[in-house]
Amino acid sequence: MSALDIFFQQIINGLTLGIIYAMIALGYTMVYGIAQLINFAHGEIFMVGAYLGLTIYLAIQGFAFGPAGLVILVPLIFIFTMLGCSALGALVEQTAYRPLHNAPRLAPLITAIGVSFLLQNAVMLLYGPQDKYFPNLIPIHRFSFGAVTFTNLQMIIAAAALILMGLLNLVIMHTRTGKAMRALAEDRQAAYLMGIPVNRVITQTFVIGSAMAGAGGLMFGMYYNTINFHDGYLAGLKAFTAAVLGGIGNIPGALIGGILIGVLEGLGAGYLSSEWKNVFAFFILILILLFRPQGLLGTRVVKKL
Amino acid sequence: MLKVTGLHSGYGKIEILKGVKLEVPAGKIVTLIGSNGAGKTTLLMTLSGIVASKKGSVQFEGYSIERLAPDAIVRLGITQVPEGRRVFAHLTVEENLDLGAYTRTPGKELAHDKEEFLDLFPALRERLRHLAGNLSGGEQQMLAMARALMARPKLLLLDEPSLGLAPKMVDLVFDLIQQINERGITLLLVEQNALRALELAHYAYVLESGRIQLEGSGSELLASPTVIEAYLGG
Ligand SMILES: Nc1ncnc2c1ncn2[C@@H]1O[C@H](COP(=O)(O)OP(=O)(O)O)[C@@H](O)[C@H]1O
Ligand SMILES: [Mg+2]
């Protein structure tokens with residue numbers, strides 16, 4: 001492969017990865033922008049999404065859908081995974097964060113670490129500590145342009161992400177709840193004065209963010225074919241970096257940040273060494289925190305996707 | 001309509017209101033004046049449920065509301081136009097209005113109200129799709145008032161609506177306050193512009209250091225030597 005081929009190949013791989021990071025980063029950024037809270041257990045919701053997707057697949061694969069059935073099967077798995085993760089996100093918010101509403105800023109962070117351990121260990125006990133095989137939900141086709149290849153799965157992941165982000169944009173820009181979320185992000189007291197039930201809107205934010213992370217987890221499983229109960233930790237940290245890079249609280253920023261981190265990681269793995277790929281994200285995080293803590297786009301949640 | 005007795009509240013350990021007693025009869029304009037830092041904003045925020053009350057009672061149409069959450073208070077019929085307007089700057093004028101009606105079910109009646117308030121505040125009609133943050137100070141005040149009215153409050157709390165506005169805008173704001181009251185909405189008005197506010201008031205209170213120092217009809221307070229000296233520039 002020529003250097004240029006490697007470049008394009010890694011851009012494609014990095015984009016796929018970046019889309020998955022973006023799916024997680026959206027939840028970090030929404031929860032921060034709207035609830036002023038960093039939900040460090042968010043990466044675990046993503047990991048649970050991967051396991052939940054696998055479980056749902058194993059439960060319904062026996063119904064012999066056939067090739068045409070895949071068109072129904074895959075969206076169904078997405079929907080149920082997202083619903084499950086939403087419920088989990090709401091539960092985490094209500095049990096771990098809600099009681100700490102008026103506590104010092106550090107308290108919810110510590111709770112988040114506890115929730116992370118709890119979810120990791122629960123998954124480990126249920127599914128075992130070893131890597132779990134995630135079968136191909138769809139037959140994989142490769143498309144080649146010279147030495148550069150991509151798969152139908154990568155296109156499906158991109159399309160699913162596009163649809164979900166489009167829906168998210170619709171909810172945030174055009175629904176009553178979305179308006180309330182943006183109002184809350186701007187001025188919580190004023191939102192209260194308008195009669196907006198702030199606690200409920202915060203729960204809704206967790207619900208939506210967790211659904212996106214769950215879908216991201218499912219994409220991750222489909223893409224790598226192996227999942228592990230540890231996966232949420234690294235992916236969560238990278239997605240958090242993506243959110244900070246884009247400007248924490250800023251929704252389009254999370255998307256751009258996720259894709260940038262994914263592409264940089266892809267290029268780093270391609271040119272340097274894949275063992276170092278995890279270091280890039282954290283190197284970037286340190287650089288942003290030092291030189292541009294407000295992120296690339298600034299910290300605002302209300303801009304359009 | 002609103003009856004406040006022995007109300008204490010503040011921030012953390014700092015007590016700002018030290019036993020406030022005040023009444024707002026239905027259909028009236030009641031004005032509250034007092035120097036900077038007297039606790040006027042704290043009182044309105046306590047009534048709205050944003051600042052927690054520590055002692056005392058707030059009765060609204062017979063309900064005790066001093067423990068209710070802010071959204072429940074709006075649902076009961078008390079809405080506030082906060083000091084500094086606090087419109088949602090990055091949302092459009094129309095979105096701000098829609099949020100004002102958050103507690104109501106969308107429908108014909110709501111759409112009708114929106115039209116009615118846009119007639120009352122015609123400057124907003126031309127700017128429905130503009131971001132609220134791009135409006136002038138006066139227009140933002142109009143928006144803050146229209147937004148609060150969208151909730152169809154029985155009692156409207158207004159915190160320094162004329163603050164920082166050009167003289168012509170001040171006239172307009174006081175004119176609108178009168179019009180809102182004529183529509184049957186009861187008003188509790190906090191103002192720095194004591195002269196204008198007292199002229200408008202059916203009844204008025206003076207708050208100092210967290211306590212009511214003086215009360216009477218608008219004209220009584222306008223004639224009071226204490227008020228003339230402290231709030232009307234001697
Ligand atoms: N969020 C707050 N935290 C602590 N103290 C506050 C807060 N808001 C206001 N105060 C204090 O409460 C007192 C009364 O303020 P405020 O109610 O805003 O007065 P007014 O509206 O009459 O000017 C002031 O001494 C002010 O410094
Ligand atoms: Mg004030």
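Biologist: Which residues of α3(B) are buried, and what makes the helix count as largely enclosed?

Modeller: In this predicted model, the buried residues of α3(B) are Val93(B), Glu94(B), Glu95(B), Asn96(B), Leu97(B), Leu99(B) and Gly100(B). Buried means under 20% relative accessible area, exposed means over 50%, and partly exposed lies in between, with a 1.4 Å probe and protein chains only. Because seven of the eight residues of α3(B) are buried, the helix is largely enclosed by the rest of the structure. These buried residues pack against α5 and α6 (176–186) of chain A, and also against α4 (108–120), α5 (122–125) and α6 (137–149) of chain B. Helices (H or I, at least four residues) and strands (E, at least two) are DSSP runs, numbered from the N terminus.

Biologist: How are residues, chains and atoms treated here?

Modeller: Residues are numbered from 1 along each chain as its sequence is written, while chains are lettered from A and ligands numbered from 1 in the order in which they are written. Local features need pLDDT of at least 70 and side-chain atom pairs count only at pLDDT 80 or more, whereas totals for chains, interfaces and linings use all residues, and side-chain values use heavy atoms, with hydrogens and water left out.

Biologist: How much area is buried between chain B and chain A, and which three residues of chain B supply more of it than any other three?

Modeller: Buried area is the accessible area (1.4 Å probe) that two parts lose on being put together, summed over both. Between chain B and chain A this area is about 2,100 Å², of which carbon and sulfur atoms give 63%. Phe88(B), His90(B) and Tyr102(B) supply 33% of the area that chain B buries against chain A, more than any other three residues. Counted by contact (heavy atoms within 4.5 Å), 25 residues of chain B meet 21 residues of chain A.

Biologist: Why are Thr41(B) and Glu83(B) listed as coordinating the magnesium ion (ligand 2)?

Modeller: Donors are N, O and S atoms within 2.8 Å of the metal (3.2 Å for Na, K and Ca), and water is not among the atoms, so sites may look incomplete. Thr41(B) (OG1) and Glu83(B) (OE) coordinate the ion at 2.0 to 2.2 Å, so they meet the cut-off. The pair links distant parts of the chain, since Thr41(B) is in helix α1 (residues 40–47) of chain B and Glu83(B) is in the loop between β6 (78–81) and α3 (93–100) of chain B, 42 residues apart.

Biologist: Why is Thr41(B) called partly exposed, and why is Glu83(B)?

Modeller: Thr41(B) counts as partly exposed because its relative accessibility is 25%, and Glu83(B) counts as partly exposed because its value is 30%.

Biologist: How confident is the predictor in chain A?

Modeller: The mean pLDDT, which is the predictor's confidence in each residue from 0 to 100, is 90 for chain A, and 97% of its residues reach 70 or more. Over residues 301–305 of chain A, however, the pLDDT is below 50.
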